[in-house]
Amino acid sequence: MQIDKLRGKELDQLFKAILTMESVEECYQLFDDLATMNEVQSLAQRLEVARMLREGFTYHKIENDTGASTATISRVKRSLNYGNDAYAMALDRVQESEKENE
């Protein structure tokens with residue numbers, strides 16, 4: 001994993017802090033304090049790009065709907081194809097959670 005280069009006490013603390021959040025509202029509060037609007041927007045955009053790629057949308061449609069560059073779409077696609085399957089895991093869990101809350 002590429003992120004292994006950053007592995008350490010500080011990154012562990014960040015991930016543990018995120019995992020302690022108990023609601024979407026708490027995540028909004030944490031990320032409002034933690035990151036810039038652009039950083040949060042970029043993360044959300046990448047997750048949406050991953051969702052759309054998994055559903056078979058074209059680069060053109062994804063670019064138009066999300067505003068993501070083709071370079072970002074390509075990076076997300078590479079992660080989907082050759083990464084750690086974390087996008088799939090996260091998207092599947094969000095979908096499961098949404099079904100349970102219906």
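Predicted model: local features only at pLDDT ≥ 70, side-chain atom pairs only at ≥ 80, totals over all residues.
The axes of α3 and helix α4, which covers residues 59-66, approach within 10 Å of each other and cross at roughly 150°. The crossing of α3 past α4 is right-handed. On the α3 side, the contact is made by Gln 45, Glu 48, Val 49, Met 52 and Leu 53, and on the α4 side by Tyr 59, Lys 61, Ile 62, Asp 65 and Thr 66. By class, the residues of this contact between α3 and α4 are five nonpolar, two polar and three charged.

The C-alpha trace spans about 40 × 40 × 25 Å along the principal axes of the protein.

A second helix pair can be described in the same terms. Two packed helices are described by the angle between their axes and the distance between the axes. For α1 and α2, the axes come within 9 Å and the crossing angle is roughly 150°. Because angles over 145 degrees count as roughly antiparallel, α1 is roughly antiparallel to α2. From α1, the residues Leu 14, Ala 17, Ile 18 and Thr 20 meet Glu 26, Leu 30, Phe 31 and Leu 34 from α2. The contact of α1 with α2 comprises six nonpolar residues, one polar residue and one charged residue.

The remaining topic is the empty space between the atoms. Rolling a probe the size of a water molecule over the atoms shows where empty space is left. In this model, the largest pocket has a volume of about 2700 Å³. Which elements give two or more residues to the lining of the largest pocket? They are α1 (9-20), α2 (24-34), α3 (37-54), α5 (70-82) and α6 (86-100). Of these, α6 gives the most, with nine residues.

In total, 43 residues line the largest pocket, and those nearest its centre are Leu 43, Leu 47, Ala 86, Tyr 87 and Ala 90. How does the lining of the largest pocket divide by class into nonpolar, polar and charged residues? It has 28 nonpolar, six polar and nine charged residues.

Definitions and conventions
Residues numbered from 1 in each chain as written. Heavy atoms only, no water. 1 Å grid on protein atoms, 1.4 Å probe; cavity = no way out; pocket = protein on both sides within 12 Å on 5 of 7 lines; lining within 4 Å. Points joined across faces, edges and corners; volume = space filled by probe spheres on them. Helix = DSSP H or I, 4+ residues; strand = E, 2+ residues; numbered from the N terminus. Nonpolar A, V, L, I, M, F, W, Y, C, P; charged D, E, K, R; others polar. Axes fitted to C-alpha atoms, helices over the stretch in contact; angles between N-to-C directions. Parallel < 35°, antiparallel > 145°, perpendicular 65-115°, else oblique. Contact = heavy atoms within 4.5 Å. Left-handed = near helix turned anticlockwise from the far one by under 90°.
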